[in-house]
Amino acid sequence: VQMTVKPLKIAVVPGDGIGIEVMPYGVRCLETVSKVFKIPIQFESFDFASCVFYQKHGDMLPPDWKETLMRFDAVYFGAVGMPDLVPDDITLWGSLLKFRREFDQYINLRPCRLMPGVPCPLAGRKAGDIDFWIVRENTEGEYSSIGGKIFEGTDRETVVQETIMTRTGVDRVLRYAFDLARSRPRKRLTSATKSNGISITMPYWDSRVNEMAKKYPDVNVDKYHIDILTAHFVQRPDIFDVVVGSNLFGDILSDLGPACTGTIGIAPSANINPDGQFPSLFEPVHGSAPDIAGKGIANPIGMIWAGQMMLHHFGYTEAADALLRAIENVLARSEVSIVTPDMGGQGSTKTLGEAVEREVMALS
Ligand code: ATP
Ligand code: MG
């Protein structure tokens, strides 16, 4: 059977700082694994969404950025920010948050997975013990800008900020999380709530979870209040499979989760528009790390793993599994001359990035 497969079109946006340093290894690993698995993939690089671009043009993005990126299936993003040159709010609101909003990337997805060879800050845990996903609602909820101040500057000073939950907004993130849970062997979904304290929006969230659960009788559902849930992340991380939360709760959990499984340099993140109407964005969790930028010692695994999530998202499961295994094998060996200083090694971005690329080839 002859099939013509549309190539996967990736916009490469390295950004600033170590984003520029780790991106080449992300692209190389993707190119290599795509060659092995015969996945047609095309890359095109852009210099916008960076502070250097901002200094030249007075804006983080060119006027036609949206049409430009719409030609791609995904944005492969490094990191943005040079706080000494451009304030962080301009950087973020002018790039990443604009993408998230305009491309309706309503899912933020992060793996929380303890990899072999990576010291776990939680005592007594070994690779395989922790392996779950965190699904965060990315467009509404607590992060509304609706509210106000009255009696400013007086003793009666009062501030209010609203939380917005829409049925469409809640249901679509729950549907994604339930689908993800259904695709996993344990088929377990945990919902983050706080309906004993937040008395209108959180009970609503819970009621939508209950409603959605009826459509997924094969998925085991439970819910925890956010306070005890964070404690469980530390004390019983093995019980989780897929954890879903509102914008605020998801935000907190999606930093806590990766922090429980090792260095920030290895964790990936995805902002997804599941309908495919707009491009999704895949990036490492870390920022531009000005303190180590230019030294060639940034850990490239977060960038490479973000690329692995991209392959997985687009259904190239075999290639994604191979790339994940390559990352795991290299981390499991953790050779001092190969791994970067954040992992206790004496290697560089180059030695670690190339080791993963070599491992991909060795596996095939
Ligand atoms: P954000 O950009 O999200 O605000 P931040 O600027 O506070 O984040 P990062 O840029 O992620 O934080 O850096 C936090 C710390 O982690 C820094 O000390 C940085 O050097 C270190 N770090 C971040 N990413 C890496 C990496 N890939 N390899 C090694 N160290 C890293
Ligand atoms: Mg930063």
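In which helix is Trp205 found? Select Trp205 in the viewer: this residue is found in helix α7, which covers residues 201-215.

Before the tour continues, a word on confidence is in order. The structure is a predicted model. The mean pLDDT of the protein is 96, and 99% of its residues reach 70 or more. For the complex, the predictor gives an ipTM of 0.94 and a pTM of 0.95.

**Stop one: Trp205**

Then select Leu174, which is 31 residues from Trp205 in sequence, while the C-alpha atoms of the two are 9.5 Å apart in space.

**Stop two: helices α1 and α10**

Next, select α1 (18-36) together with α10 (301-313). Their axes come within 8 Å and cross at roughly 40°, and the crossing of α1 past α10 is right-handed. To see where α1 and α10 meet, show Val22, Met23, Tyr25, Gly26, Cys29 and Leu30 on α1, and Met303, Ile304, Ala306 and Gly307 on α10. Of the residues in this contact, eight are nonpolar, two are polar and none is charged.

**Stop three: helix α11**

Move on to α11, at residues 317-333. This helix has 17 residues, and the distance from its first C-alpha to its last is 24 Å, close to the 24 Å expected at 1.5 Å a residue. Which residues of α11 are buried? They are Ala319, Ala320, Ala322, Leu323, Ala326, Ile327, Val330 and Leu331. Display α1, α10 and α12 as well, for these are among the elements that cover the buried residues of α11. Just after α11, select Ser334, which takes a positive phi of about 35°.

**Stop four: helix α12**

Finally, select α12, residues 349-363. Its 15 residues reach 21 Å from the first C-alpha to the last, close to the 21 Å expected at 1.5 Å a residue. Colour Thr349, Leu352, Gly353, Ala355, Val356, Glu357, Glu359 and Val360, which are buried in α12. What covers the buried residues of α12? The cover includes α1, α10 and α11, and α12 in turn is among the elements covering the buried residues of α11.

Terms used
Residues are numbered from 1 along each chain as its sequence is written. Chains are lettered from A and ligands numbered from 1 in the order in which they are written. This is a predicted model: local features need pLDDT of at least 70, side-chain atom pairs count only at pLDDT 80 or more; totals for chains, interfaces and linings use all residues. pLDDT is the predictor's confidence in each residue, from 0 to 100. Helices (H or I, at least four residues) and strands (E, at least two) are DSSP runs, numbered from the N terminus. The expected span of a helix is 1.5 Å times one less than its number of residues. A residue is buried if 20 or more other C-beta atoms lie within 10 Å of its own, exposed if 12 or fewer, and partly exposed in between; C-beta atoms are placed from the backbone. Two residues are in contact if their C-beta atoms, placed from the backbone, lie within 7 Å. Axes are lines fitted to C-alpha atoms, for helices over the stretch in contact, and angles run from 0 to 180 degrees between N-to-C directions. A crossing is left-handed if the near helix is turned anticlockwise from the far one by less than a right angle, and right-handed if clockwise. Ala, Val, Leu, Ile, Met, Phe, Trp, Tyr, Cys and Pro count as nonpolar, Asp, Glu, Lys and Arg as charged, and the others, Gly among them, as polar.
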